[in-house]
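I opened this entry to keep track of what I looked up.

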Amino acid sequence: MPEIKFYAQKAVPVEMHKVKIVQQLNLLPVDERVKKMYEAGFNTFQLHNADIFLDMLTDSGVNAMSDEMLAGMMKPDDAYAGSESFFRMNNKLTEMFGIDNLLPVHQGRAAENVLATRFVKPGNCVIMNYHFTTAKAHITRVGGHVEELISDEGLQSHSDLPFKGNIDLEKLENCIKKETPENVAFLRLEAGTNLVGGQPISYQNMKDATDIAKKYGILTVLDASLLQDNLYFIKTREEALKDVDTREIMRMIADLFDMIYFSGRKFGFARGGGILVRDAELYHSMEDLIPMFEGFLTYGGMSVREIEAMTVGFEESVNMDVISQAPQFIKYCVDGLVDYGVPVITPAGGLGAHLDAAAICSHIPQDQYPAGALVCALYICGGIRGMERGTLSEERNPDGSERFASMELVRLAFPRRVFTLSQTEYAMDRVKWLYDHRDLIGGLKFTHEPATLRFFTGKLEPVSDWPIKLAEAYKADFGADQ
Ligand code: F0G
């Protein structure tokens, strides 16, 4: 259901589900939140969930499950080897993607580990529309490097282009020639491109890019973790496919790739993952890595309950009533912020609303992590937890200098079917307040900086007492109790 029409009121997105189980939330007073932020080392990954009002960190593993998914969890087949739950999952994926061979893994990055371990040799290149943190970390861990060839417009914060996740086809062909086809381990296209604001790739672009790869004998891999959002955008934005059923679109996409992997924490709305491998020989060449890293080949580190829930979740991932909800809420949020003048990534994508921290905090130097500072400020001013997607999420260059991100974003994720429109309104209101008080936000510096994936476990501190001053201004407007 792309949009429900209204008679006497301005149309708003309408949920196509009702609430049956809820979790109580807690809004700590602002001074408490300042304390928690210091304790968390100005890293929102280090906060405790009980101290958070709206957890918009991610949609990973925190989407609401349906009654049908929960019902599926009541019939798992527990077995170390040969679990029927696994075969049900495999059959469902084969039916939907037309690929027989499934390697189960405990989550998306485990699939990335297996693919990098099997296919990437030192000096190899992996070509992508854009990287994802864990995908890149696994490739560089085994000595490979990543070429990101997203179209130039993909990195423009504000535009009305419908498919900003598209790869630049000319750059792709040039890159293959420069690297030589033998040195390209695989082409990885990421649906719903995460780090550039959940922006989709068009079917046509996937087709053209995979055609080029095939011409040079290069393996093609789809990261389908955010495919459900991408399907929604193809259905609503790609003229040639507007009358094609989402299930059919999904099958057309699948037909383009040699391998498809996914995080079941996103695609399937549960917790797990998998790699679909078209060619049986290729599948067998990776088989041994699953028992080594994940668990036996019929559970791959996943709970059989999750496998059952996910198997139902795959169906929901192609149901327009289900997959329309998050993009519509995100658009509502993005439109409201744009109207107020807050710089956000446009057009609205999937996954979440993305605040343009480089523009909002233009007074903070990039080596003081403007997006990191903004995300901490938003927790202080509202109890909302977002995620930094900027320089802090990058790794340093080999010489120790900062690798500045091409975009400094704060992501407010919309886990599927979790938040209501009034909670969305609250989040928007606090962002607007913070935007009007942005001069009070200051930079951050590391006190503990891990070499790899530093954004997860690093600790930082503010460069001045700006969090205290920000909280004072907040109290003056809202009182000390919220
Ligand atoms: N690929 C994409 C596009 C992702 O967004 C993620 C995870 C992964 C792979 C890795 O999957 O978490 O199951 O290991 N994204 C999460 C996020 C972490 O918050 O965006 P995973």
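This is a predicted model: local features need pLDDT of at least 70, side-chain atom pairs count only at pLDDT 80 or more; totals for chains, interfaces and linings use all residues.

Residues are numbered from 1 along each chain as its sequence is written, and side-chain values use heavy atoms, with hydrogens and water left out.

**Ligand shell**

I found 17 residues around the ligand. A residue counts as near if one of its heavy atoms lies within 4 Å. T58, R109, D223, S263 and R411 come nearest. By class, I get two nonpolar, eight polar and seven charged residues in the shell. For these classes, Ala, Val, Leu, Ile, Met, Phe, Trp, Tyr, Cys and Pro are nonpolar, Asp, Glu, Lys and Arg are charged, and the others, Gly among them, are polar.

Next I checked polar contacts, meaning pairs of N or O atoms within 3.5 Å. The side chain of R109 places an N or O atom 2.5 Å from a ligand oxygen. The side chain of D223 has an N or O atom 2.6 Å from a ligand nitrogen. K266 has a polar side-chain atom 3.0 Å from an oxygen of the ligand. How much of the ligand does the protein bury? Alone, the ligand exposes 470 Å², and the protein buries 97% of that. The areas are Shrake-Rupley values with a 1.4 Å probe.

**Seven-stranded sheet**

I traced an open, mixed sheet of seven strands in the order β2-β8-β7-β6-β5-β3-β4. Two strands pair if DSSP finds at least two bridges between them. β2 (101–105) and β4 (145–148) are the edges, each pairing on one side only. The twist averages 20 degrees from one strand to the next. Axes are lines fitted to C-alpha atoms, for helices over the stretch in contact, with angles from 0 to 180 degrees between N-to-C directions.

β3 (125–128) runs parallel to β5 (184–190), joined by four bridges. I looked up the partner of C125 in β5: V184. Helix α4 (108–119) lies across β2, β5, β6, β7 and β8, at about 145 degrees to β7. Contact here means heavy atoms within 4.5 Å.

**Three-stranded sheet**

The order is β9-β12-β11, open and antiparallel. β9 and β11 (387–389) are its edge strands. Neighbouring strands are turned by 30 degrees on average, direction ignored. Five bridges pair β9 with β12 (409–413). Which residue of β12 is the bridge partner of H354? It is R411, which is also among the nearest residues to the ligand. Helix α16 (370–380) lies across β9, β11 and β12, at about 40 degrees to β12.

**Backbone spots**

Most residues other than glycine have a negative phi, and most peptide bonds are trans. F42 has phi near 45 degrees, a positive value. I place F42 in the loop between α1 (30–39) and β1 (54–55). The T346 to P347 peptide bond is cis, with omega near 0 degrees. P347 sits in the loop between α14 (325–340) and β9 (352–356).

How values were computed: Helices (H or I, at least four residues) and strands (E, at least two) are DSSP runs, numbered from the N terminus. A polar contact is a pair of N or O atoms within 3.5 Å; within protein, one must be able to donate a hydrogen and the other to accept it, and residues adjacent in sequence count only if both atoms are side-chain atoms.
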